[in-house]
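Here is my note on the structure you are about to open. Please read it with the coordinates in view.

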Amino acid sequence: MNKSSTAVLGETTPRERRRLLVGTRGVDATARGVTLVSALSVLAVTGWLVVELWRNSALARHAFGLRFLTDRTWDPVFEKFGALPFVYGTLVTSALALLIAVPLGVGAAIFLSELAPRRASDVLTFLIELLAAVPSVVFGLVGIFVVVPWVRTSLGPALRSALGFLPLFQGSIYGVGHLTAGLVLAIMVLPFIISISREVLLSVPNELREGALALGSTHWESTWKVVVPTAATGILGSVFLALARALGETMAVTMVIGNDPRISASLFAPGYSIAAVIANEFTEATGDLYLHALVELGLVLFGLTVVLHGLARALVHMTASKAQAGGVRA
Amino acid sequence: MSDPAAAARARERVAEVTQNQKPEIPQEKEPARMREILKIRARKVDFYYGPKKVLQEVSIDIREKQITALIGPSGCGKTTFLRTLNRMYETVKHARAEGELWLDGDNILELELSSLRRRVGMVFQKSNPFPKSIFDNVAYGLRVHGIVRRGKLAERVEQSLRAAVLWDEVKDNLHKPALALSGGQQQRLCIARALAIDPEVLLLDEPCSALDPISTAKIEELLFSLSDRCTQVIVTHNMAQAARVADYTGFFLLGKLVEFSDTKTMFTTPASKETEDYITGRFG
Amino acid sequence: MRWRKTVNALMSGVTAACALAAVAPLVFLLGFLTWKGASSLNLAFFTQLAKPVGETGGGMANAIVGSGQLLLLAAIFGVPLGLLGGIYLSEFGGWTVPFLVRYSADLLASVPSIVIGIFAYAVVVLPMGHFSALAGGFALGVMLLPIVVRNTEEFLRAVPVSLREGAFALGTGKWKTIVSVVVPAGLQGILTGVLLALARVAGETAPLLFTAFSNHYWAQGWSQPVASLPVMIYTYAISPYDDWHRQAWAAGLVLLGLVLLVNVLSRLVLARKMAARRLA
């Protein structure tokens with residue numbers, strides 16, 4: 001019954017024997033090499049992306065330097081390219097989106113993690129997370145035909161009559177504009193805030209809740225004063241993620257913002273965002289400088305992504321190490 | 001010894017255990033026992049995790065076709081030593097073994113890894129069947145080592161499952177998933193899987209620690225029936241198990257092999273004080 | 001005390017309202033799209049090409065096929081590299097390379113899709129001199145790659161070490177272990193992840209606007225511009241023609257329906273797998 005390794009070989013065919021003798025070292029080394037190259041391809045693609053963005057924006061960068069971000073005029077005919085209107089539009093719509101989505105999202109996350117029964121919470125979370133999968137162009141479609149008319153006929157006039165003393169809510173209401181874009185963006189980033197915040201809240205150890213309750217807090221008080229502060233860094237991370245999404249969002253915004261490169265104080269006014277102008281004008285860019293200016297806008301978006309991504313990672317890292325250290329300091 | 005009476009009572013208890021619970025040894029086994037051929041020889045084996053020395057000058061003789069048990073408290077190095085015998089430590093960075101380790105006439109530390117592990121098989125603490133069918137689990141090692149013809153595979157799979165006392169329970173369900181088996185059955189499947197490639201030595205790392213007493217008893221019987229087929233080295237936390245099952249026992253403490261002798265002597269008249277203290281339950 | 005109790009009840013209500021407000025858009029979207037689009041989903045929609053501007057009728061057959069072409073290209077570029085890369089991260093590891101690869105994968109996955117479109121334009125469209133399905137497929141593939149890498153890595157890491165050790169103890173080499181034990185064990189999760197990623201890029205419009213561009217006819221091979229469902233929705237939606245609006249709704253319903261279907265099925269499959277593992 002007991003045989004040495006050669007005896008097992010004796011039962012095998014010549015082909016099997018050859019396979020056995022060749023051994024695994026060669027195969028393993030090749031496999032390691034091939035998979036390494038595949039992994040490095042991600043690095044390579046990312047690097048290549050940066051290189052191409054940099055190269056293809058050279059003309060504009062050399063022509064305008066940093067004034068690119070501060071000049072108000074975007075004039076393809078006279079080849080003067082200043083991106084301020086787009087930066088303004090992007091910032092305003094994103095800020096508006098966060099203003100709406102963060103309270104709503106954190107509130108929903110609190111309900112789903114602390115107050116709702118588990119089954120209901122799971123079902124609702126499932127549905128909310130599906131919202132994140134809806135394509136941008138579908139949001140834009142509903143945006144054009146539902147939200148725009150609604151803003152023009154209902155929300156706009158209501159806001160103007162209630163808050164018209166603020167420059168924000170003055171001027172003509174076209175339906176398209178910063179306000180509409182901000183609203184649509186808010187709905188689009190909402191699921192990200194909720195999903196991450198809920199997870200972070202759920203990961204706060206139960207001992208903290210129980211400690212607060214044992215001291216006589218109400219459910220809400222223990223949640224608001226103990227659990228949420230503990231989860232605050234993670235929630236902030238979700239906000240950065242939502243911001244990154246909002247800044248880069250193209251289709252839904254370009255379909256409802258009005259595509260007008262003007263800076264205006266009123267939220268009702270049409271505007272433009274960085275992503276929207278790239279989408280609209282790229283195929284019509286005559287002349288290299290025009291194209292390079294648009295690519296430089298892409299470079300700006302990329303830069304913003306790198307910064308926000310880094311911040312979000314740092315926050316996640318901080319939350320993780322805080323969790324290891326063990327909860328909130330008194 | 002601060003309490004001679006207690007120690008003596010403990011010794012008596014252990015002697016009872018070894019005498020009452022070891023089953024009848026069939027007569028055919030006696031000659032093999034007397035033969036005393038050394039299957040594995042370790043001489044001054046040191047083991048390091050990076051700079052930390054975890055095994056110190058371990059020298060031990062594993063006799064062919066005998067069951068050798070390695071006992072000792074948690075962290076004493078018995079499992080570390082077991083895993084040097086089939087070089088399982090090689091997936092861990094900065095782990096290295098030094099010294100002499102011989103499998104018959106071959107240097108374990110220099111043998112080609114795949115051949116070594118065909119000759120020295122291993123069964124783990126928690127059963128780890130692959131997420132495949134029962135048949136494919138047992139056939140896995142065979143396929144790796146070059147046996148791919150359907151007829152030959154089926155024959156070897158049946159042989160191994162019979163040897164592992166599992167055949168009757170699974171023969172009609174060979175293509176059902178292995179994970180559907182109970183814990184005890186899964187462990188016997190893992191033993192069959194290891195046996196399929198005809199190892200000369202079988203290493204068992206606390207094979208029953210995750211199992212209930214009935215499954216444990218089945219596996220211990222199984223180990224007996226295997227002793228005319230291969231040499232076995234078993235690490236166990238359970239002294240009574242060592243006493244039941246093993247021909248020879250080695251006691252590890254803090255990375256050193258403190259004592260090694262035949263089981264009866266180890267448990268009735270241990271030579272060193274530490275062994276006696278461990279066996280009588282002074283520490284664990 | 002009564003005040004605190006009131007606050008407690010009030011905030012419970014407020015947060016519940018927030019949660020419901022978050023679910024409402026999805027329900028609304030589905031309902032509204034069905035209402036507006038279902039009636040236009042006829043055979044013609046799925047089998048005919050777009051009719052010239054002004055004429056009613058016609059369909060989006062070429063856009064549906066075009067989207068299929070683009071997804072195929074994206075999968076060819078992104079899936080094999082992604083799988084192998086994920087295998088490296090999980091099985092071969094180390095410290096520097098995995099860190100750099102993970103960082104760039106996460107970064108690449110966060111880059112706005114329109115920027116990816118610019119990249120594809122520079123790399124494929126400029127040298128070729130014209131728009132093409134290849135360019136669009138490349139853009140979508142670049143989006144797919146980092147997702148597949150991270151997803152594969154995650155599901156392979158989740159395979160218990162004990163399975164690998166069991167194979168090693170039988171004398172199996174590393175690569176054979178990966179292929180015959182580790183990958184099969186993680187396959188369900190990996191495949192589901194690939195499907196989800198494909199569903200996600202299927203809905204992307206921005207990177208196609210100046211790569212695959214669009215085409216009113218059937219695409220002639222892979223080096224010509226090709227229509228796609230999302231781009232058609234966009235083009236039709238911003239047009240002034242009612243008939244095109246009608247078709248945009250139908251197309252939106254199809255796209256949303258497919259994307260949601262894949263998402264729901266995948267999540268259910270994954271959830272059941274997670275639950276089963278927890279019980280094991």
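1. Ground rules. This is a predicted model, in which local features need pLDDT of at least 70, side-chain atom pairs count only at pLDDT 80 or more, and totals for chains, interfaces and linings use all residues. Residues are numbered from 1 along each chain as its sequence is written, while chains are lettered from A and ligands numbered from 1 in the order in which they are written.

2. Chain C overall. Chain C has 10 helices and 0 strands. Helices (H or I, at least four residues) and strands (E, at least two) are DSSP runs, numbered from the N terminus. The order of elements is accordingly α-α-α-α-α-α-α-α-α-α. The C-alpha trace of chain C spans about 70 × 70 × 35 Å along its principal axes.

3. Burial and contacts in chain C. Of the 280 residues in chain C, 53% are buried. Buried requires 20 or more other C-beta atoms within 10 Å of a residue's own, exposed 12 or fewer, and partly exposed lies in between, with C-beta atoms placed from the backbone. Take the contacts in chain C between residues at least 6 apart in sequence: 72% join residues at least 24 apart. Two residues are in contact if their C-beta atoms, placed from the backbone, lie within 7 Å.

4. A helix pair in chain C. The axes of helix 5 (residues 113-128) and helix 6 (residues 133-157) of chain C come within 9 Å and cross at roughly 135°. Axes are lines fitted to C-alpha atoms, for helices over the stretch in contact, and angles run from 0 to 180 degrees between N-to-C directions. The two helices of chain C are therefore oblique to each other. Angles under 35 degrees count as roughly parallel, over 145 as roughly antiparallel, 65 to 115 as roughly perpendicular, and the rest as oblique. Helix 5 of chain C passes helix 6 of chain C in a right-handed crossing. Right-handed means that the near helix is turned clockwise from the far one by less than a right angle; anticlockwise is left-handed.

5. Helix 5 of chain C contributes residues including Ile116(C), Phe119(C) and Val123(C), and helix 6 of chain C residues including Leu134(C), Phe138(C) and Met143(C). The residues of this contact divide into 13 nonpolar, 2 polar and no charged. Ala, Val, Leu, Ile, Met, Phe, Trp, Tyr, Cys and Pro count as nonpolar, Asp, Glu, Lys and Arg as charged, and the others, Gly among them, as polar.

6. Chain A against chain C. The contact takes 68 residues from chain A and 71 residues from chain C. Helix 3 (residues 25-55) of chain A gives the largest share of the chain A side, 18 residues. That side divides into 47 nonpolar, 17 polar and 4 charged residues.

7. Strand 1 (residues 38-49) and strand 2 (residues 52-63) of chain B run antiparallel and are joined by 8 bridges. Strands pair if DSSP finds at least two bridges between them. Tyr48(B) stands opposite Lys53(B). The hairpin has 2 residues between its strands, and Gly50(B) in the turn has a positive phi of about 65°.

8. The sheet in chain B. An open sheet of 6 strands has the order 6-7-8-3-9-10, with mixed pairing. Strand 6 (120-123) and strand 10 (256-262) of chain B each have a single partner strand, so one side of each lacks a neighbour in the sheet. Strand 3 (residues 67-71) and strand 8 (residues 231-235) of chain B pair in the parallel sense over 4 bridges. Ile67(B) stands opposite Gln232(B).
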